[in-house]
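Thank you all for making the time this morning. I would like to walk you slowly through one structure, so please have a look at the sequence and the model before I go on.

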Amino acid sequence: MSKRDYYEVLGVQKGANDEEIKKAYRKMAVKFHPDKNPGDKAAEDKFKELGEAYEILNDPQQRAAYDQYGHAAFDPRRRASRAGGDFGGFHDPFEVFREVFGSRGGGGGGTGSIFEEFFGGQQRDPNGPQRGADLRYDMEVSFEEAARGTEKEITVQKLDRCETCGGTGAEGDAKFRTCATCGGRGQVVASRGIFSIAQTCPACEGAGRTIEKPCRTCRGSGQREKTTKITLRVPAGVDTGSRLRSAGNGEAGKRGGPPGDLYVIIHVQEHEIFHRDGDDLMCEVPISFAVAALGGEIDVPTLEGKAHIKIPAGTQSGTVFRVRGKGIKNVHGQGIGDLHAQVSVEVPGKLNPEQRAKLKEFADLCDESVNPRSKSFFEKAKELFS
């Protein structure tokens with residue numbers, strides 16, 4: 001299915017300024033955010049589409065490329081012919097949302113989420129449930145795992161909800177009472193000359209209330225450090241710097257709030273043969289002098305086995321042959337890249353007397369017509385030699 005025009009996605013004109021684009025994104029993103037539309041696949045797809053459109057149009061360099069080439073500017077198969085570098089990032093719509101809305105945004109939803117502020121008509125109660133912190137995990141994968149996709153089990157040490165008290169911080173049916181230090185506000189005001197500074201209450205740590213009998217396991221925090229194993233699906237086509245979001249696997253929220261998210265940053269190991277250019281694979285393949293001169297057929301490696309390449313007679317060192325569809329699968333599902341095999345003519349090293357004699361005989365038979373490039377070069381260099 002073809003992509004929609006990014007300006008159409010955001011509902012703005014092509015000449016819209018940065019503020020108009022941001023305003024349009026904010027309005028649409030809140031409308032289609034998965035927290036507001038639980039279980040609605042169409043809304044989720046629309047939210048992802050909005051994030052991708054905003055990320056491109058909000059960046060001057062990427063927007064200029066899009067205005068000139070359209071979606072083809074981000075097609076990895078055409079990257080080599082574009083001036084201006086690689087624009088194919090890994091879009092995380094929740095991270096885009098979080099950056100636009102600042103600390104208020106979140107992908108976790110639940111009580112105390114951004115929608116209380118936008119649709120509830122009131123600011124979130126600072127003494128009420130609080131969403132847990134997001135976590136970052138750096139994960140190394142092999143070149144093949146990044147290309148084909150894989151599942152990884154990772155171990156994360158984090159603050160989880162206390163199982164004894166269920167996150168309330170109270171022992172059994174213990175009651176809460178208003179904090180005597182801050183009067184339930186969660187903050188105390190300290191005077192510094194003509195200035196007054198509001199600080200988190202040291203007695204209740206901002207909760208605005210204290211527990212008559214704190215939980216003995218978590219000592220009233222409602223959280224407990226725990227080591228958790230998480231199975232993560234790594235999609236085919238990820239590259240170094242790709243971010244994967246594992247919803248709800250961040251730290252536990254406070255006072256019954258929802259957990260944060262876990263963001264996994266991918267680091268791909270180098271390969272002995274291949275290196276990547278977007279979704280294309282590059283490799284250097286040595287061939288003999290005889291094959292380069294006479295022509296023939298060689299095998300080249302791919303991530304799926306081997307492929308055959310026909311070498312025309314007279315092939316020069318550095319010639320690149322393309323094998324279509326043998327590259328990396330695009331992480332956004334936009335096709336598969338190609339394999340580019342650059343041949344390197346290998347000069348014979350150790351020769352026995354018979355081989356040297358034959359090669360000398362061949363050299364004596366050669367004239368300028370055998371090596372036309374050398375003839376052309378030395379004709380151009382005559383003035384320099386003189």
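Let me begin with K27, which counts as exposed because its relative accessibility is 67%, and the cut-off for that word is over 50%. Please keep in mind throughout that this is a predicted model. K27 lies in helix α2, which covers residues 18-32, and on the surface K27 gathers with K23, K31 and K36 in a patch of positive charge.

There is also a surface patch of another kind, a nonpolar one, formed by F289, L359, F362 and V370, and together these residues have about 330 Å² of accessible area. If we take F362 from that group, we find it in helix α9, which runs over residues 353-365, and with a relative accessible area of 39% F362 is described as partly exposed, since that term is used for values between the 20% limit for buried and the 50% limit for exposed.

Now let me turn to the cysteines. How many disulfides does the structure hold? The number is zero, and C215 lets us follow the reasoning in one case: the closest cysteine sulfur to its own is that of C218, at 3.8 Å, which is too far for a bond, because a disulfide is counted when the two sulfur atoms are within 2.5 Å. C215 is buried, with a relative accessible area of 2%, and C182, with a relative accessibility of 1%, counts as buried too, because the word applies to values under 20%.

Terms used: Residues are numbered from 1 along each chain as its sequence is written. This is a predicted model: local features need pLDDT of at least 70, side-chain atom pairs count only at pLDDT 80 or more; totals for chains, interfaces and linings use all residues. Side-chain values use heavy atoms; hydrogens and water are left out. Patches are made of residues with over 30% relative accessible area and no salt bridge: like charges are joined within 9 Å, nonpolar side chains (Val, Leu, Ile, Met, Phe, Trp, Tyr) within 5 Å. Accessible areas come from the Shrake-Rupley method with a 1.4 Å probe; for residues, only the protein chains shown count as cover. A salt bridge is a side-chain nitrogen of Lys or Arg within 4 Å of a carboxyl oxygen of Asp or Glu. Lys and Arg count as positive and Asp and Glu as negative; His and the chain ends are not counted. The place of a charge is taken as NZ of Lys, CZ of Arg, CG of Asp or CD of Glu. Helices (H or I, at least four residues) and strands (E, at least two) are DSSP runs, numbered from the N terminus. Buried means under 20% relative accessible area, exposed over 50%, partly exposed in between (1.4 Å probe, protein chains only).
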